[in-house]
Structure formats: C-alpha cells, structure tokens
Amino acid sequence: MRYSQTLIPTLKEVPAEAEVISHRLMLRAGFIRKLSSGIYSYLPYGLAAIRRVETIVREEMNRAGAQEMMMPMVQPADLWKESGRYEKYGPELLRFTDRHERESCLGPTHEEVITDIARKEIHSYRDLPINLYQIQTKFRDEIRPRFGLMRGREFIMKDAYSFDVSDEMAETSYKKMYDAYNAIFQRCGLDFRCVEADSGTIGGSFSHEFMVLAETGEDTIAVCDECKWAANLEKAVVRLAGSGSREETLALVKVETPGKRKVAQVCDFLKITPDRLVKTLVYIADGEAVALLIRGDREVEEIKLKNYLGATDLRLADDKEVFDATGVPTGYLGPLGISIRLLADQEVMHLANFSVGANEKNYHLLNVNGGRDFRVSEVADFRRLCESDPCPSCGGSLRLVQGIEVGHIFKLGSAYSESMNAFFQDSEGNGKPLVMGCYGIGVSRVVAAAIEQNHDENGIIFPVPLAPCQVTVLNLGLKDTDISAAAEMIYAKLSAAGIDVFLDDRDERPGVKFKDADLLGFPLRVTVGKRFQENGMVEIRRRRDGKAEESTVDGLVDLIRRRLAELTGQR
C-alpha cells in the first residue's frame, strides 16, 4: 500500500462524538465514518484490520471442521414466530413489512434460518455431525448505540451452528469450538479470558464468553489467578466462606426507627453494620410481585434471580408497587408475615440476630433469626460476587477486572429443533430432534477491543497479527533521488519477502509522517532520511516500546522478520 494512493483521512482533533478510546482512535485514524446512529462505513485501512480478524477466524474454523456458508440478512417473521422469539426478542429486533404485506426482520442472529435449512437438508444420523458458519452483517436496533464499533446497531459477526445426534456428541462439538476460540484470540495477540456466562436471549443450557481484558470494558468478570477459574458476574457462583453463625439467639425486639428507610440510615440509627441488616426487596417478575431477602451490604445479581424465576421481564418495584403488593411502605418491609412469594439469598440463612423491617412504618426488628421467626422455602444464590469472596472452584483469592465480550459459545440443546420440527432419523429409524450449538464472534468488535487494550497517548499499538500493515516505510526525502530510491527499494524488498508493508510517500513534513505512523499503529517503522545519506543506514523503531536500531538496506529484511517474530510472541 502507498499512502499517496490510499484513502486514510486522519484527524488531528478528537471528535466530539467519541466516548471511548477505540471510537476516538478509529475516527482519528480514518478507519470508520459515521453514517447514522450506530451505523458506520468501514474505510480502506479500517476494513483491512477487520479482514485480518476474518482470516484468522476462517482458518481456525476450517481447521476445526466447520464449513463456511452465507445466509440472508432479511428473515421472514414466520420463522421467528415458530421459534417463539418474534415477540420475546424485544425491540432490538427490527421488524418491517414489505410491499406484499409480508412481515420480516433484519437478522440480529441466525438460529431460526439455520434451523430451517437443517430441517430441510439434514434427514439422517449419517449426515451428522455438521457445523456451518458465516461471516456476515448483523443488525440489532440498540436503544442507545454508543462507543463506535463496541456497541453499534450494524456490525460484522461470525456465527456458527453445530448439529449433532445426542447431547454427548454436542459436547464434543462444543469442545472443538471452545478450543478453536482460544486459538483465534491467542493468534489475534489479545490478553483475554474465557469465562462462564449467562445464555441470555439466545437460550441454551450453558455458555462461555471470551473477554478481552481492558479497563474500559463494560463487563466485570471475576478471575482466580490460582486455578484460572473465571466467570462473568452474571454467572459467578458465590461460595460461602463459613458454615454459618454460632451466636446464641437473642429475643426478638421491636424498635422505632422514625423516618429511617435506607440501609445506611437504619444502620447508623441502630448502631449496627450493614452486614447485620437484611434488606427485603420487591421485584416485579412478568407482572407478579416477589420479595427477596439479601444482606444489607450486598447487591442482587438480577440475572441470577431472573433465571431462577424463569422470568422474561424483571425489574425492581417502585414505591407504589411495593405498597400495593404488601401494604407496607418501602424501607420498612420485612419477612415476618409477608403475604407475597418470598425468596432468600443463601447467605441470609447463615446469619443470626439480624435486623429487618417490621412491616410497619417507622419500625424495625432486632435479633431476627430465620427458622425461628420466619420460614422461607426458596433459598438460592442471588447475590453479586465480591472480591472478598473465595474462588468457587478452589477457594483461592479473587480479583475483579473489566472485560469486553468478543466471543460467546452456547450449548443450545434441542429447543430450536423441537419448536421448529427439525428432526432426523437415528440408526433405528426413530425420529429425534437435532441437538444444536451456537458460536459467535463479533469480528468488528475484536478490532475495537484490540485498540482498547493496545494504545497510548499517541495512538494505536496494533498486535502484529491484526495490523493492516506490519511495517511502514517513511520516505523523509521525497525530493532527494537517493533517499527516494532507497525507500522504494526497501518497499519492494519487504513486499517480495511476503511482509505487509506501507510506504508513506506523501509530500509532508517528517513530523506529520511520524505522528500518523504512531496514530495508525504500525508495529514497525522504517525511516529513510538523513542518516541514509550520511552512512547508508536506516532506522527501525518498534511502536510498542519505542526501541530503535539501525540497519543497512541489505540486512533489513532479515532483521524485520526477526523483530516481527519477537513482537508476535508478545502481548
């Protein structure tokens, strides 16, 4: 590539619309341009980075035995109604009617379409197992698209779907994709973790997310450095540190707490710590009110509660809804004599002599004990894991880090095949539903996540495998015959050696070329300038750490190869 012949409209100023680093740098580096809210055009250099990811994804998917195909972005609503997701998916599914009054939608994912193909084309156990994938544009009508390619409405995604004869064989397919995904993100040169995750609107019995670690990540994940366990907080199981309180139970006491409704207010008034108070929270789950007991210093992990209840919609009740459901004002509700469905976080049942609302305005109870003063039959893990909790796997220490989801794999089971009548004949001639798996990678998001993880104040620092060009050659003497000839020779030699090289042949000041090289993130920079005139040497500078060295033109190709190999082995 030659800079003089490539559309790379770099910006000096930070665009006002950019909220996160990747969005800011991709706009400044001329990778993308906004067309409308959450929808971007990929300019040549940005698309080249995306193609790098696609190549790695294709190679590893093909190596794992998957077959590439392509499905339409426009999908008939009838398929989504068959699966039961047309209404359930929510407003992110962009629905429309064509000129023939046929209902359709823009595909946010392709479970329905691939299941329709499978039921028409897969008939026998002899056709299985099979794994089909595509790299294609998806559309999700996000209510608040933000962060550029991190959360846009239109994006590029790799989605794959496996079909098997049994759960046991589906486990094998799942493991192949698990291994393939690890290989993909390792080859991308990213610092990532595979974590246990919630299956969300896709469904399925269990799933794993692949998270790129970055301070600006939207998701918080818990990791254990001792056993390498990791999980999204939505899925992280809380392992209780002890067996419960051994305190002697005390007599129940009712105390007046005038106007004290918040945890901090009540604790300050009663002179207790928040771990000695139990909150009674009311949620509306698919229109029904349920109450949940949780320690005063803990947070509810609402995905856990939603999954336990099997609810489609879950939200915290407002003050009016709390009073309508219980007859008690918010802030004074407790478990004794409560009239609605009652659940408790597992930790509550290990407490003794705690405080709760007295179900009467301006009153709380002291020395409450579960079993003696109230009973609750539904007890489970409903709270958000904390760094002070032991690792659920080994009991070791945990730390919480931020991550960006770039991949997600699901074991779907037979939910889609049963609802859409996708059956095959087994070896005995019996009809059985296909057992499915689903595997996604946000291809365009991988590039954004890589930038979030690899940048400095001067711009992007691309990992070698994702860099659109691995080396940039700066011609600092465009009007000097010797310098220009040397720059052209270096460009030709590196290209002939199979190295992706970019020649900055613009008639610009050296400072502009240096700044743009840093902004665009080339792993290596070769500068041909005055030093070449003086002693025939050119400078090679590493973008990641700024280390520089000199070389002759003859020895340059071998040196570049060694340095790229070194950088590829680093993160």
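In this predicted model, lysine 34 has tyrosine 40 of β2 as its bridge partner. The pair belongs to the antiparallel arrangement of strand β1 (residues 32-36) and strand β2 (residues 39-42), which are joined by four bridges. Two residues separate β1 and β2, and the strands form a hairpin. Glycine 38 sits in the turn of this hairpin and has a positive phi of about 75°.

Rolling a probe the size of a water molecule over the atoms shows where empty space is left. The second largest pocket holds about 540 Å³ of space. Its lining is made up of 26 residues, and those nearest the centre of the pocket are Lys279, Thr280, Leu281, Thr330 and Gly331. Four elements each supply at least two lining residues: the helices α7 (263-270) and α9 (319-326), and the strands β14 (278-285) and β18 (354-357). Of the contributions to this lining, that of β14 is the largest share, at six residues. Sorted by class, the residues lining the second largest pocket are 14 nonpolar, seven charged and five polar.

Asparagine 454 lies between α11 (443-453) and β25 (455-456). Is asparagine 454 buried or exposed? Its relative accessible area is 5%, and because buried means under 20%, asparagine 454 counts as buried. Leaving aside residues up to four places away in sequence, asparagine 454 touches Leu190, Ile460, Ile461, Pro463 and Arg544.

Methods
Residues are numbered from 1 along each chain as its sequence is written. This is a predicted model: local features need pLDDT of at least 70, side-chain atom pairs count only at pLDDT 80 or more; totals for chains, interfaces and linings use all residues. Side-chain values use heavy atoms; hydrogens and water are left out. Buried means under 20% relative accessible area, exposed over 50%, partly exposed in between (1.4 Å probe, protein chains only). Contact means heavy atoms within 4.5 Å. On a 1 Å grid over the protein atoms alone, a cavity is a set of points where a 1.4 Å probe fits but cannot get out, and a pocket is an open set with protein on both sides within 12 Å along at least five of seven lines; lining residues have an atom within 4 Å of a point. Grid points are joined across faces, edges and corners, and a volume is the space filled by probe spheres set on the points. Ala, Val, Leu, Ile, Met, Phe, Trp, Tyr, Cys and Pro count as nonpolar, Asp, Glu, Lys and Arg as charged, and the others, Gly among them, as polar. Two strands pair if DSSP finds at least two bridges between them.
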